Amino acid sequence: SFHCDVCSRCVGRFNFHSVWLRNCVGVRNQAAYFGFVIFHLIDVVVTLVVLTIYINSDKSLPALTSFGSWLSYIIYEHHFLFLLQLFLLVEVSPLAYHAFRLWWLVLSNLTFHESVNWAKYSYFISEGRFRNP
């Protein structure tokens, strides 16, 4: 267990303190948090696909000759949807990295706290390599 400085609680198998949930992620809610991140990633990807299909199905979309003219039309006619799509594109990369990192930690039997502070714990270094016994 580890004492969280943010919420002043002791948490079994402390992973990290989530700013999204305003709660610590540990042994009791790690699977739920992983599910939350995966479903949020799926939601962002589906929203991006739906927005792209909606914008491209615009009946008033003229026959455009280049990507630049298409992009300027989309920005001018669908500026709110374009900004939303741009925001979601920026969000998807860190979210996908976070989901992959959580998946790797689960498969490695590590917590985020242990993976960041591995040098402080001598039992993680065995036979010259980093591992969790």
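Trainee: What does F36 count as at 35% relative accessibility?

Mentor: The model is a predicted one, and the relative accessibility of F36 in it is 35%. Buried would require under 20% and exposed over 50%, so with its 35% F36 counts as partly exposed.

Trainee: How many aromatic pairs does the count come to, and at what angle do the planes of F16 and Y33 lie?

Mentor: The count comes to five aromatic pairs. One of them joins F16 and Y33, whose centres are 5.2 Å apart, and because planes over 60 degrees apart count as edge-to-face, this pair is edge-to-face with an angle of 75°.

Trainee: Which parts does the pair tie together, and how many residues apart are they in sequence?

Mentor: F16 belongs to strand β3 and Y33 to helix α1, so the pair links the strand to the helix across a sequence separation of 17 residues.
F16 is buried, with a relative accessible area of 13%, and Y33 is buried as well, with a value of 5%. The parts tied together are therefore β3 and α1, 17 residues apart.

Trainee: What is the pair of Y33 and F36 called, given the angle of its planes?

Mentor: Y33 is buried, with a relative accessible area of 5%. The centres of the Y33 and F36 rings are 6.2 Å apart and the planes meet at 40°; planes under 30 degrees apart would be stacked and those over 60 edge-to-face, so this pair is tilted.

Trainee: By about how much of helix α1 are Y33 and F36 separated?

Mentor: An α-helix has 3.6 residues a turn, so residues three or four places apart point the same way. Y33 and F36 are three residues apart in helix α1, which means that their separation is about one helical turn.

Trainee: What should the 27 residues of helix α1 span, and how far apart are its end C-alpha atoms?

Mentor: Helix α1 covers residues 30–56, and at 1.5 Å a residue its 27 residues should span 39 Å. Its buried residues, including Y33, V37 and L41, pack against β3, β4, α2 and α3.

Trainee: Which strands each supply at least two residues of the lining of the largest pocket?

Mentor: The largest pocket has a volume of about 180 Å³, and its lining has six nonpolar, four polar and two charged residues. Among the lining residues are R9, C10, V11, N23, C24 and V25. The strands that each supply at least two of the lining residues are β2 and β4.

Note on methods. Residues are numbered from 1 along each chain as its sequence is written. This is a predicted model: local features need pLDDT of at least 70, side-chain atom pairs count only at pLDDT 80 or more; totals for chains, interfaces and linings use all residues. Side-chain values use heavy atoms; hydrogens and water are left out. Helices (H or I, at least four residues) and strands (E, at least two) are DSSP runs, numbered from the N terminus. The expected span of a helix is 1.5 Å times one less than its number of residues. Buried means under 20% relative accessible area, exposed over 50%, partly exposed in between (1.4 Å probe, protein chains only). Contact means heavy atoms within 4.5 Å. On a 1 Å grid over the protein atoms alone, a cavity is a set of points where a 1.4 Å probe fits but cannot get out, and a pocket is an open set with protein on both sides within 12 Å along at least five of seven lines; lining residues have an atom within 4 Å of a point. Grid points are joined across faces, edges and corners, and a volume is the space filled by probe spheres set on the points. Ala, Val, Leu, Ile, Met, Phe, Trp, Tyr, Cys and Pro count as nonpolar, Asp, Glu, Lys and Arg as charged, and the others, Gly among them, as polar. Rings of Phe, Tyr and Trp (its six-membered ring) pair if their centres lie within 6.5 Å; planes under 30 degrees apart count as stacked, over 60 as edge-to-face and the rest as tilted.
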